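Thanks for coming, everyone. Let me put the structure up, and then we will go through side chains, cores and backbone.

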Amino acid sequence: MQNHHFKLNGVQIKKFLNDPRFLDYGKLAPKSKADFAFIQHMIYHLDENGTMGIILPHGVLFRGTSERTIRKYLVNDKNYLDAVIGLPANIFYKTSIPTVILIFKKYRENKDNVLFIDASKNFKKVKNQNMFRDNDIDKIIEVYSNRVEIEKFSHIATIDEIRENDFNLNIPRYVDTFEEELIDSNKIINEIKEIDNKVEAIDEEIKKYCDELGIETPIIK
């Protein structure tokens with residue numbers, strides 16, 4: 001097999017920028033992070049009425065420079081991005097990082113919005129691996145198919161909303177998953193009393209040692 005080794009010097013950059021897969025984007029995906037190069041390649045071969053799903057690390061949602069340029073072109077200029085689905089961490093073997101599914105369509109029925117789904121907390125832990133249950137998968141499919149909003153799970157973001165976020169697709173910007181923590185005031189009061197009692201005991205111990213040494217106790221009450 002012939003080994004094709006390309007260095008991104010001036011000649012090779014020009015070659016790739018003229019490649020029909022990357023021509024219209026104006027920027028190339030970084031050499032060290034080729035995620036968008038795979039996306040561009042697959043979109044180039046996608047049928048006009050086809051649907052494409054690709055699993056990627058979360059960095060593709062928010063990394064800047066050339067990746068932001070490519071992301072903007074896909075969302076703003078071509079309007080190919082249909083949905084962003086966040087997955088739990090440790091759901092794939094040999095990697096523990098959280099991942100995301102990007103759904104692309106060249107012909108979209110919902111041209112004025114993108115669906116965001118945060119399914120990162122919907123899983124069952126099995127030994128050292130996280131796994132989707134049937135109902136977790138059914139929920140994702142139902143929300144995507146019917147394109148509905150569910151509090152703390154999904155949000156339909158307008159293209160204007162994404163534009164206002166400077167084409168940052170990080171899911172927490174669109175799906176609010178913040179959970180209020182109820183505070184047990186009685187528990188806190190008891191903990192404070194317990195700390196006060198410990199402080200008094202320590203003060204007494206210090207005073208005892210100071211009396212034995214014949215020095216003034218450095219405690220102000």
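Start with a quick one: is Arg-163 buried, partly exposed or exposed? Arg-163 is partly exposed, at 39% relative accessibility. The cut-offs: buried means under 20% relative accessible area, exposed means over 50%, and partly exposed is in between, with a 1.4 Å probe and protein chains only.

Now the ground rules. This is a predicted model, where local features need pLDDT of at least 70, side-chain atom pairs count only at pLDDT 80 or more, and totals for chains, interfaces and linings use all residues. Residues are numbered from 1 along each chain as its sequence is written, and side-chain values use heavy atoms, with hydrogens and water left out.

Confidence next. pLDDT is the predictor's confidence in each residue, from 0 to 100. The chain has a mean pLDDT of 85. Of its residues, 86% reach 70 or more. Residues 1-8 stay under 50. For that stretch the model has seven contacts beyond four places in sequence, a contact being heavy atoms within 4.5 Å.

Back to Arg-163 and its partner. Asp-160 forms a salt bridge with Arg-163, with the closest N and O atoms 2.4 Å apart. By salt bridge I mean a side-chain nitrogen of Lys or Arg within 4 Å of a carboxyl oxygen of Asp or Glu. Both residues lie in helix H5, three residues apart, about one turn of the helix. Helices (H or I, at least four residues) and strands (E, at least two) are DSSP runs, numbered from the N terminus. Asp-160 is partly exposed too, with a relative accessible area of 48%.

How many salt bridges does a search of the whole structure find? Nine. Take Arg-108 and Asp-82: their side chains meet at 2.9 Å, N to O. Arg-108 sits in the loop between S3 and S4, and Asp-82 in strand S2. That pair links distant parts of the chain, 26 residues apart. Both Arg-108 and Asp-82 are buried. Glu-109 bridges to Lys-105 at 3.4 Å. Here Glu-109 is exposed at 56% relative accessibility, while Lys-105 is buried at 13%. There is also a network of salt bridges, which links Asp-35, Arg-63 and Glu-67.

On to the cores. A nonpolar core is a set of buried Ala, Val, Leu, Ile, Met, Phe, Trp, Tyr and Cys residues joined through side-chain atoms within 4.5 Å. In soluble globular proteins, nonpolar side chains tend to be buried together. The largest core here has 31 residues. Those with the most contacts inside it include Ile-39, Leu-74, Phe-104 and Phe-116. Two or more residues come from each of H2, S1, H3, S2, S3, S4 and H5. H3 gives the most, with four. Look at Phe-104. Beyond four places in sequence, its contacts include Ile-39, Ile-43, Leu-74 and Asp-82.

Now the rings. The structure holds two aromatic pairs. The rule: ring centres of Phe, Tyr and Trp (its six-membered ring) lie within 6.5 Å, with planes under 30 degrees apart stacked, over 60 edge-to-face, and the rest tilted. Tyr-25 and Tyr-73 have centres 4.7 Å apart and planes at 55 degrees, so that pair is tilted. Tyr-25 is in the loop between H1 and H2 and Tyr-73 is in H3, so the pair ties together parts 48 residues apart in sequence. Tyr-25 is buried at 10%, and Tyr-73 is buried at 15%.

Phe-116 and Tyr-174 are the stacked pair: 4.1 Å centre to centre, 15 degrees between planes. Phe-116 is in strand S4, Tyr-174 in the loop between H5 and H6, 58 residues apart. Phe-116 is buried at 0%, and Tyr-174 at 7%.

Last, backbone. Most residues other than glycine have a negative phi. Thr-65 has a positive phi, near 50 degrees. Thr-65 lies in helix H3 and is exposed at 68%. Asn-79 has a phi near 55 degrees, also positive. Asn-79 is in the loop between H3 and S2, and is buried at 17%.
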